[in-house]
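Thank you all for making time this morning. I would like to walk through one structure with you, going from the whole chain down to single residues.

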Amino acid sequence: MSTRIAFLKGHGTENDFVIVPDPENALDLPPAAVAALCDRRAGIGGDGLLHVVRSAEHPEAAHLAGEAEWFMDYRNGDGSIAEMCGNGVRVFARYLQHAGHITEGDLAVATRGGVKRVHIAKNGDVTVGMGKALLPDGDVTVSVGDRSWPARNVNMGNPHAVAFVDDLAHAGNLYSAPPFSPATAYPSGVNVEFVVDRGPRHVAMRVHERGAGETRSCGTGACAVAVATARRDGVDPAATGSPATHTVDVPGGTLVITEQADGEIEMTGPAVIVAEGEIEADWLENAVR
């Protein structure tokens with residue numbers, strides 16, 4: 001390991017990430033190291049970590065190298081591995097542009113949730129093709145304190161439970177994961193979104209992300225919320241043949257979600273690189289002991 005490790009810090013609607021460029025996949029980043037880097041008091045601080053690796057150099061993404069040069073090896077803030085992170089993909093793309101690997105326009109990014117198509121616009125917004133939502137059958141309930149609500153089970157490459165509430169304050173502090181039932185609905189945990197209406201095809205949400213707690217934004221969560229809102233309102237683009245666009249306010253800003261007639265979902269929002277520097281390798285080694 002070199003004596004210093006490059007890093008950057010970025011965010012998408014204030015869902016923030018430590019970015020570690022490692023094209024050749026030479027760094028060892030065990031869960032404890034990721035958690036140390038994402039620690040907001042003793043580390044750099046972030047909801048998650050974006051490990052930037054060439055797909056051909058990572059065993060989980062080598063089979064995707066023909067479709068996407070770069071692999072987003074995403075980790076939650078506690079060091080656990082996640083399938084996908086929508087805001088993370090936007091920030092990942094912004095980093096590639098910042099580093100000179102790409103320019104404005106289209107690119108493909110490999111993730112554990114498949115290859116995601118990305119477009120970087122001239123105005124700085126980044127649009128990510130998030131794939132299609134799956135809507136598993138079965139009733140789900142989420143709870144906070146003595147309140148409980150029915151929730152829509154939506155899978156965006158990672159699992160979500162979307163609950164419509166009267167007041168976002170009813171979600172509580174979201175420090176810990178809201179209980180859900182049945183337990184078999186989400187054997188690996190779940191991201192829970194609490195949603196209120198703001199206007200026609202306009203909602204606001206708060207989210208508890210598994211492995212991170214409450215975050216200022218969640219891209220896959222905003223997509224899940226848009227789909228759940230559409231179905232609640234009797235809107236299904238596959239049936240009407242027309243796309244449905246929803247504005248989703250998150251604590252860190254606003255995302256625009258469009259579900260196309262073929263079921264493909266696109267998410268558009270900002271992505272910002274705010275800082276870059278170097279980490280002492282000795283500090284990281286000591287942090288995981």
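I will start with the overall picture, then turn to aromatic pairs, and finish with a helix and a few individual positions.

A word on the source: this is a predicted model, in which local features need pLDDT of at least 70 and side-chain atom pairs count only at pLDDT 80 or more, while totals for chains, interfaces and linings use all residues. Residues are numbered from 1 along each chain as its sequence is written, and side-chain values use heavy atoms, with hydrogens and water left out.

The protein chain holds 5 helices and 18 strands, where helices (H or I, at least four residues) and strands (E, at least two) are DSSP runs numbered from the N terminus. Its radius of gyration, taken over C-alpha atoms, is 18 Å, close to the 19 Å that the globule rule gives for 289 residues, so the chain is as compact as a globular protein of that length; the rule itself is 2.2 Å times the number of residues to the power 0.38. Along the principal axes, the C-alpha trace spans about 55 × 40 × 30 Å.

How much of the chain is buried? Of the 289 residues, 52% count as buried, a term that means under 20% relative accessible area, with exposed being over 50% and partly exposed in between (1.4 Å probe, protein chains only). If we take contact to mean heavy atoms within 4.5 Å, then residues 24 or more positions apart account for 62% of the contacts with a separation of 6 or more.

Let me turn to the aromatic rings. Rings of Phe, Tyr and Trp (its six-membered ring) pair if their centres lie within 6.5 Å, and planes under 30 degrees apart count as stacked, over 60 as edge-to-face and the rest as tilted. By this rule there are 3 aromatic pairs.

Next, please look at helix 1 (residues 31-38), where Ala 33, Val 34, Ala 36, Leu 37 and Cys 38 are buried. Among the elements that cover these buried residues are strand 2 (15-21), strand 4 (70-76) and helix 5 (281-287).

Strand 4 also contains Phe 71, which is buried with a relative accessible area of 1%. Leaving aside neighbours within four places in sequence, Phe 71 is in contact with residues including His 51, Arg 54, Phe 92 and Arg 112.

Finally, some backbone details. Ser 181 and Pro 182 are joined by a cis peptide bond, with omega about 0°, and Pro 182 sits in the loop between strand 11 (180-181) and strand 12. Which residues other than glycine have a positive phi? Thr 13, at about 45°, is one of them, and Leu 174, near 55°, is another. Thr 13 is buried at 3% relative accessible area, and Leu 174 is buried at 2%.
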